[in-house]
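Dear colleague,

I am handing over the structure below, and after it I set out what was found in it. Please read the notes with the coordinates open beside you.

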Amino acid sequence: MTQSLRIAFICNLYPPYIVGGNEILARDVITALRNRGHEVHVLTGRGPDLPQDGYTYQALAIDLTCKEEVFLGGLPLTAQRLVQWHLYHHPTYRGVRDALATIQPDLIIAWNLYMASAAPLIAARRHPAPLIAHPADKWLLYMLNDIRGLVPGTTARHRVGLALVQRVLQPLLRRFAHPDYLLTVSEFIRGLHTDNSYSPQQSIATFLGVPTTKFTYHIHPHPGVDKTQPWRLLFVGQLWHGKGPQVAVEAVRLLCERTDLPPVALNIFGGGTHDFVKHLQRLIDEAGVADRVTIHGFVSHERLVEEFHNHHIYLFCSLWDEPFSGGLLEAMGTGIPTIATTAGGTPEAVIDGQNGLLVAPDDAPALADAISRLMCDPTLYATIGAQGAADVERLWTFDRYIDRLETVYRAIVTGHRTGEPIQLNDLLTAHEPTFQPTNGT
């Protein structure tokens, strides 16, 4: 008989409150687990539009109606906010403690606690169920290991204060908030944690998966070099500096100077703070490409599929250490030829010249050169589009991702019940020997 689990799933944001793909993925994972017979309770921030279903608890003291200000840098970081958001907030501790006492879960998942402090982890550690953290970026490291990576000191006084937090307070937080297991989205993110005292035996990279039945494969014929028809370039992502939309804009400016290439048109989709969107529009105007670049804002998945099908090249321009992007996999799954940066875990999915092109981050000339390379090489253009879709179908489907999570969740709960905590090494490869992606070497 299939083992059904009662799971407490803690996440800082939850739809309809969205600032990025992580919240959408959380909802999709929760829905899939419920569809497989598991009882999943969601502990998240506070907002009037959250589901009123008896399974959603507004346990975190975060006002989700102010999500852009809180999560995208719209509010200044004061000393009080530093403590409440990144270290410890007692109202959040109480909310999570009380919700867990009601739920009595078999397993506790900390999906993303950025801006929620270590309080949810501390409350979870006091509960007898095993605690799994799913770091999709560096939130756990910032919270428990070194706050200075998130909040660099601007003055000598600030640097001294942050050093004290890192040396005195954060070791206490690690003692009381350290998760039992880590399930990371890439080997890159796993390595960052194992390099900072997290056990290699109690961590594993599960990667991600995307619904290929939604992001369907579509042949993208090479548009040719007809100088009367623009190549349609697509950028999708949160509009902030780390995602690199400004690099795409500069690449367009450089391409417009080329008389040997057809024209280009860049469409930018995604939400961001008013200040950054205004800044980005100013860059577009100053570059003289306002007639070539358009900012469209946030769109639904259904609209996004259409845009992937109707554009010629997808640009993934991250400057920051991109953990492992579901949005990138969605694009590749539709067959649109993709150019991505080498930042973070992206090279674990994109193999240069095989299923995409890789360029250095924050290098507009290299990005422009990669675009022109696809314009001038129809064979390469067709190859990387088709191979990217094939690799997503082979390795990164959403159902296989949920299979991997279920395998790990059940093994952890079984080991906990028998008093024999498991070692995660080789757990997935033992069940799915063809899983590990190649790296092209």
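**Salt bridges**

Asp 403 has a relative accessible area of 36%, so this residue counts as partly exposed. Please keep in mind throughout that the model is a predicted one. Asp 403 forms a salt bridge with Arg 36, in which the closest N and O atoms are 2.7 Å apart. The two partners come from distant parts of the chain, since Asp 403 belongs to helix 15 and Arg 36 to the loop between helix 1 (21–35) and strand 2 (39–46), 367 residues apart. Arg 36, with a relative accessible area of 29%, is partly exposed. The pair also takes part in a network of salt bridges that links Arg 36, Asp 403, Glu 406 and Arg 410.

Asp 106 is partly exposed, at 22% relative accessibility, and the cut-off for buried is under 20%.

Elsewhere, Asp 260 and Arg 258 are joined through their side chains by a salt bridge of 2.9 Å, N to O. Asp 260 is partly exposed at 46% relative accessibility, and Arg 258 is partly exposed with a relative accessible area of 32%. In the whole structure, the search finds 18 salt bridges.

**Nonpolar cores**

The largest nonpolar core has 110 residues, and those with the most contacts inside it are Val 29, Leu 43, Leu 121 and Tyr 409. Its largest share, 9 residues, comes from helix 15 (residues 398–418). Apart from this core lies another, of 38 residues, which includes Ile 268, Leu 280, Ile 284 and Ala 370.

Which residues does Val 29 contact, once its neighbours within four places in sequence are left aside? They are Phe 9, Trp 111, Phe 398, Tyr 401, Ile 402 and Leu 405.

Helix 12 (residues 326–333) is largely enclosed by the rest of the structure, because 6 of its 8 residues are buried. The buried residues of helix 12 are Leu 328, Leu 329, Glu 330, Ala 331, Met 332 and Gly 333, and what covers them includes helix 11, strand 11, strand 12 (338–341) and helix 14 (378–395).

His 312 lies in the loop between helix 11 (301–310) and strand 11 (313–316). With a relative accessibility of 11%, His 312 counts as buried. Not counting residues up to four places away in sequence, His 312 touches Pro 223, Pro 230, Trp 231, Arg 232, Ile 336, Pro 337 and Tyr 381.

**Pockets and cavities**

The second largest pocket has a volume of about 250 Å³. Among the residues that line this pocket are Leu 77, Thr 78, Val 151, Pro 152, His 158 and Leu 162, and the elements that give two or more residues to the lining are helix 3 (79–87) and helix 7 (156–177). The lining of this pocket divides into 7 nonpolar residues, 5 polar and no charged.

The count of cavities of 30 Å³ or more comes to 3. In the second largest cavity there is about 40 Å³ of space, and its lining residues include His 86, Tyr 114, Trp 139, Met 143 and Leu 150. Helix 6 (residues 139–144) gives the largest share of that lining, 3 residues.

**Backbone details**

A cis peptide bond joins Pro 15 and Pro 16, with omega at about 15°; Pro 16 is found in the loop between strand 1 (6–11) and helix 1.

Phe 207, in the loop between strand 7 (203–205) and strand 8 (231–236), has phi near 60°, which is a positive value in a residue other than glycine. Is Phe 207 buried or exposed? At 1% relative accessibility, Phe 207 counts as buried.

Asp 362 likewise has phi near 60°, a positive value in a residue other than glycine, and lies in the loop between strand 13 (357–359) and helix 13 (364–376). Asp 362 counts as exposed, at 53% relative accessibility.

With best wishes

Technical notes. Residues are numbered from 1 along each chain as its sequence is written. This is a predicted model: local features need pLDDT of at least 70, side-chain atom pairs count only at pLDDT 80 or more; totals for chains, interfaces and linings use all residues. Side-chain values use heavy atoms; hydrogens and water are left out. A nonpolar core is a set of buried Ala, Val, Leu, Ile, Met, Phe, Trp, Tyr and Cys residues joined through side-chain atoms within 4.5 Å. Buried means under 20% relative accessible area, exposed over 50%, partly exposed in between (1.4 Å probe, protein chains only). Helices (H or I, at least four residues) and strands (E, at least two) are DSSP runs, numbered from the N terminus. Contact means heavy atoms within 4.5 Å. On a 1 Å grid over the protein atoms alone, a cavity is a set of points where a 1.4 Å probe fits but cannot get out, and a pocket is an open set with protein on both sides within 12 Å along at least five of seven lines; lining residues have an atom within 4 Å of a point. Grid points are joined across faces, edges and corners, and a volume is the space filled by probe spheres set on the points. Ala, Val, Leu, Ile, Met, Phe, Trp, Tyr, Cys and Pro count as nonpolar, Asp, Glu, Lys and Arg as charged, and the others, Gly among them, as polar. A salt bridge is a side-chain nitrogen of Lys or Arg within 4 Å of a carboxyl oxygen of Asp or Glu.
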